[in-house]
Structure formats: structure tokens, C-alpha cells
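Dear colleague,

I am handing over the structure we spoke about, and my notes on it follow below. Please read them with the coordinates open.

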Amino acid sequence: MSGNQYHVAVVGATGAVGQQMIQTLEERDFPISTLTLLSSSRSAGKKVMFKGQELTVKEATPEAFEGVQLALFSAGGSVSKELAPEAVKRGAIVVDNTSAFRMNPEVPLVVPEVNESDLNDHKGIIANPNCSTIQMVAALEPLKQTYGLHKIIVSTYQAVSGAGTNAVTEMKEQSKAALNGEEYTPEILPVKGDKKHYPIAFNAIPQIDVFEENGFTYEEMKMINETKKIMHDAELHVAATCVRLPIETGHAESVYVEIGRDDVTVEDVKELMKNANGVTLKDDPSNQVYPMPLDAVGKSDVFVGRIRKDLNQKNGFHMWIVSDNLLKGAAWNSVQIAESLAALNILK
């Protein structure tokens, strides 16, 4: 990383991901000269600690980006659409954690372990992919680079924190009510703005985001389209089923892949994972060693285990992929992008 220091803004500073971004910037000791914390008018005035200093959160307005070199956005798509161009206009590079710009052909969609070089093509805005996409492509990129990748079928088991802090609170309240034999009315999941709501406590909800006309949900289509864009392969066959489970933090995924060769062994794949950047292999079934969401909380790596060859398809493999959805799935990937921008001297 260069010796420069940067004026950084975090938009959505009081939200779950915003708070994680601030914590990650501190833990990584990212070179910051000034940290500007921004939020809605409702949250402006709140105090946040950063490196022993108490900072006051300000309202996010176009003028708030004067002098900012790097702006990390995590305040919802509508805020990003309105304010990200304003930040760019004032000279900032924006790393956006919403879905607002992900599929815009002018905007790089980046997971540094996979396509860091795409950062060179930015026009002011860089998109952070969907949390469930990030952990999957980080784990599968070594396979793609070494053997080629033809097909991905993924089923996700996603944590409630991906739906926000209010959803986590609701899950905990529902769990207490259920254990006490009390009635409760779900109000948030699967989608706050949809027609029906279902309990998440002691349940599994096979809907994340709204349904599209093709029967897939928006979350599933995000995984499908983002994977193709990040991996630069429009012909890659991808299918996804996304399920919400009553887990607070940590997304898990069961992934089936077909690679470009049929002579590859499980040991070959394990060796790739051992040496992959940002990936930790936890795979010893004889001793019941495999990744679980609880183990991934607070860790920045993507964890891979249960690697096994398909019983019928010679080039097919199954694996289990777990990651902290608030860290690698959001805050850490955004800060990683920031570190890459500084290291590549793109951030001025």
C-alpha cells in the first residue's frame, strides 16, 4: 500500500454493515487522515468511536462529500443512486455495498481474490457484490483458473442478519415467544414489503427477496447474474435456491460444480483450497471437521469443507462454503477493495 493517507467517508455509519466497516477500517489500520461518518437525518448526531476518538455522525448530503477521496456506501440502494454520483462529482471513488449499480456494465463488480484487475476500469463507482455471491466465487475461482468451470448449482442457508438488525431482533423475540408458548405476529421476513410474513424462529423460509416472473427470487438472480459478471463468463451455467434460516450471522452454501476435466481428485481440489487466497480449508470428515456459521463469525476468510466427488458425474464436485456475511460478505470485501485501490495507486 502507498504511504498516502486518505479522507474516507462511510455512508450508513450507524447500520450493521456500516458499523462493521468502521471496525474493519480500524482493525486493518487503513491509512485515514479524516473519517467522515454519514447517515440519514434520523441518525445524524449519534456518536461513534474510532481509534479512541469520538466522532459525530453527520447527515448524508451532496455537500458532505467535499474533499472525500473514498466513500464506502451501505445505506440502501435509493441512497446510493442519489448520493454516489454526487460523491463522484466531488472527486471521490465510491465503493457501493448495495445492488444499485452491480449489473451496470460501466461499473466493476469486484471480489479482490477473483477480479482485482477490474478496478482499473472504474469510472468513479465500484460495486460490492451480494454477500452470498462473494463467498461462493472466492472459493470457486481457484477451480475455474486451474480446471475451467462449466456449471454451478448452489443452495444457500442464509443468516437473518442479512435482512438487517430489525430482522435479528424479531427472530430473537419470536424464539422467546415460541419457547414460552406465546403468540406472535411476524412483520419482516421473508420481505418486509411483500404481502405475507412468516416466522423465522424454528423455521426455514425458501424466499429471500421478491419473486421474479421466472420463479426465481431476486436474491437468486443476483447470485446467477453477478457470478457470471465477476467471473467474466456469460455462458457459465448457474442456478441458485436461497433459503433463510434462524441463524444470526454466517451464510452457508451447498455448492455443486462441474469443472473442465474429469481426472481431478478430491485431494487435488483440497490442495487448491489450501493455497487459495482468502480461503481456509476445514475438511476432515473422519473427525467431524467442517465449517459452520458459528465458527466463521468475526473471521474474514471464506471456509470450505465437505469436498467430495459426485458419484455419477466424473467432473462433478460437491462442497460446503461458509462465511461471515457482514464481514467478507460486506464490510471486509469493501475495505479489501479500498486496500487494492490504494495498493494499485488508483486511489489518489
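Which residues does UniProt list for "active site"? The unreviewed entry gives Cys131 and His251; they span 121 residues in sequence, yet no two of their C-alpha atoms are more than 8.3 Å apart, so they gather at one spot. Please bear in mind that this is a predicted model.

Taking the two in turn, cysteine 131 lies in helix H4, which covers residues 131-147, and cysteine 131 is buried, with a relative accessible area of 14%. Apart from neighbours within four places in sequence, cysteine 131 is in contact with His251, Asn325 and Gly329. Histidine 251, for its part, is found in strand S11 (residues 251-259) and counts as buried at 1% relative accessibility. With neighbours within four places in sequence again left aside, the contacts of histidine 251 include Cys131, Ser132, Gln135, Tyr157, Arg244 and Asn325.

Leucine 140, not counting residues up to four places away in sequence, touches Leu149, Ile152, Met231, Val255, Val257 and Met319.

How values were computed
Residues are numbered from 1 along each chain as its sequence is written. This is a predicted model: local features need pLDDT of at least 70, side-chain atom pairs count only at pLDDT 80 or more; totals for chains, interfaces and linings use all residues. Side-chain values use heavy atoms; hydrogens and water are left out. UniProt positions are given in the numbering used here, feature names are shortened, and annotations may be inferred rather than shown by experiment. Helices (H or I, at least four residues) and strands (E, at least two) are DSSP runs, numbered from the N terminus. Buried means under 20% relative accessible area, exposed over 50%, partly exposed in between (1.4 Å probe, protein chains only). Contact means heavy atoms within 4.5 Å.
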